[in-house]
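Dear colleague,

Here is the structure that I am handing over to you. My notes on it follow below.

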Amino acid sequence: MNEKIHAQVVIIGSGPAGYSAAFRCADLGLDTVLIERYNKLGGVCLNVGCIPSKTLLHIAKVIKEAKELYESGVIFNTPVIDIKKIKIWKEKIINKLTHGLSQMRDKRKIRIFQGDAIFNTDKSIYVNNKEDKLTIFFDYAVIATGSKPTKIPSIPYNDTRIWDSSDALSLKNIPNRFLIIGAGIIGLEMATIYSALGSNVDIIDRFNHFLPAVDEDISNAYIKSINKRFNLMLNTHIEKIKLEQSSLIVNIVRDGVDQKNIFYDNILVAVGRTPNIDKLGLDKIGLKINNFGFIEVNNQLQTNIPYIYAVGDVTGFPMLAHKGVHEGRIAAEVISGQKHYFEPTVIPSIAYTEPEVAWVGLNEKQAKKENIDYSVSTFPWNASGRAMASNCTMGLTKLLFNKRNNKIIGGSIIGTNAGELIGEVGLAIEMGCDAEDIALTIHAHPTLYESIGLSAEIFQGTATDVLNVNR
């Protein structure tokens with residue numbers, strides 16, 4: 001059957017950006033249709049990305065902390081890893097969240113159709129699944145199809161021992177020897193998980209600079225923290241992979257020199273993500289793609305076709321769920337007639353490793369590039385009572401201030417729960433706070449977040465907890 005229906009708004013994709021757009025459209029009184037190719041809402045983030053990875057990272061953190069408590073006089077038995085039970089626990093969390101999304105969709109009376117979407121015209125979408133054929137005519141459309149792992153052409157993906165991030169999060173097995181290609185956030189998080197579960201992990205990256213979005217003092221602190229858990233090799237790439245029955249034999253080139261062949265049980269390719277737009281028929285309707293392969297949008301998330309919008313990973317970097325959520329809401333509000341714009345001052349980024357690395361606003365390299373006369377103020381966690389009591393002194397809070405007006409322009413934090421702490425820095429930048437605003441805000445003691453207030457006090461020259469070099 002080839003059914004034809006009409007909707008005010010049709011949204012392609014039900015990840016964080018897509019379901020946020022759909023829910024907001026419905027709340028604003030718009031007749032909304034959602035198209036999703038899979039049988040669950042939530043997209044990559046909820047089903048095979050953010051949520052399952054954070055579930056497994058929590059386990060990794062507990063294992064690490066249990067080992068570290070040995071020196072404090074609390075001794076646990078060697079942990080027994082039951083993959084089956086971990087999988088059940090992970091799936092239980094995912095199912096609870098996806099069920100919650102489905103309930104919210106039902107209560108908002110949003111129609112949903114499962115299948116692959118392709119634009120017939122700039123006013124209609126064809127939905128194809130195994131059972132039905134459907135054409136949806138719309139007044140407005142929102143593209144929120146997310147992204148997929150980037151592939152390396154020379155890698156033999158037909159071998160099941162070579163994984164992408166979804167494979168790694170499915171916990172197929174715990175490799176004895178595990179190679180991760182790509183030292184970005186995904187690669188580092190997977191290294192954190194599998195090293196805690198018992199794998200011997202090597203992680204390689206062809207670039208010299210590690211975590212280029214953060215300053216060198218932060219990245220160096222992270223490298224120092226992981227020395228005993230997994231091996232990081234920069235300026236390194238794979239020359240050849242030989243597929244043997246018992247193992248994968250990998251020839252690695254490091255600093256331009258061939259290394260010996262190394263045997264691995266599994267390889268994870270985590271070199272980035274690319275937008276899911278190649279099968280939507282965008283060329284047919286003349287929708288504009290930029291030089292980087294992303295859909296080009298304005299600050300109201302409109303494409304060059306004004307009644308077609310795009311949100312989330314398909315619009316480019318940073319490819320983050322929280323960015324997509326905000327874009328989805330703005331797109332819905334613009335469609336409803338509100339004069340809203342997506343113009344965030346800053347967007348926070350977090351590597352949910354152990355220790356966590358979080359940053360927001362400008363780093364030193366960016367401040368120099370923009371010719372800003374800035375000052376750096378850092379507070380080392382080895383001077384924090386809470387960090388000492390919590391056995392997490394390997395941490396650092398770093399703030400950047402514009403010397404001209406003392407306003408905060410950026411911040412980086414490495415340490416336990418850095419992802420939670422960075423929120424205050426982001427809010428301070430959005431609100432245009434200066435150092436005095438932060439320093440005069442009373443921070444609870446003893447906490448890790450008081451390191452933000454102390455960093456501002458150091459800049460002000462009013463700090464008493466450390467030697468006051470700016471007094």
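**Overall dimensions**

The radius of gyration of the protein is 24 Å, which agrees with the value near 23 Å that a compact globule of 471 residues would have. That radius is taken over C-alpha atoms, and the globule rule is 2.2 Å times the number of residues to the power 0.38. Along the principal axes, the C-alpha atoms fill a box of roughly 75 × 60 × 45 Å.

This is a predicted model, in which local features need pLDDT of at least 70 and side-chain atom pairs count only at pLDDT 80 or more, while totals for chains, interfaces and linings use all residues. Residues are numbered from 1 along each chain as its sequence is written, and side-chain values use heavy atoms, with hydrogens and water left out.

The protein has 14 helices and 23 strands; these are DSSP runs numbered from the N terminus (helices H or I, at least four residues; strands E, at least two). Of the 471 residues, 51% are buried (under 20% relative accessible area, with exposed over 50% and partly exposed in between; 1.4 Å probe, protein chains only).

**Aromatic rings**

The whole structure contains 9 aromatic pairs. Rings of Phe, Tyr and Trp (its six-membered ring) pair if their centres lie within 6.5 Å; planes under 30 degrees apart count as stacked, over 60 as edge-to-face and the rest as tilted.

Phenylalanine 210 and tyrosine 222 are stacked, because their ring centres are 5.7 Å apart and their planes are at 20°. Phenylalanine 210 is in the loop between strand 10 (200–204) and helix 7 (216–225) and tyrosine 222 is in helix 7, so this pair ties together parts 12 residues apart in sequence. Phenylalanine 210 and tyrosine 222 are buried.

Phenylalanine 401 and phenylalanine 459 have ring centres 4.4 Å apart and planes at 25°, so they too are stacked. This pair links distant parts of the chain, 58 residues apart: phenylalanine 401 belongs to strand 22 (residues 396–402) and phenylalanine 459 to helix 14 (residues 450–460). Both phenylalanine 401 and phenylalanine 459 are buried.

Trp163, Phe178 and Tyr194 form a cluster through ring pairs.

**Charges over rings**

Lysine 123 lies over the face of tyrosine 307, 4.1 Å from the ring centre. Lysine 151 lies over the face of tyrosine 157, at 4.9 Å from the ring centre. The criterion is NZ of Lys or CZ of Arg within 6 Å of the ring centre and within 35 degrees of the ring normal.

Regards
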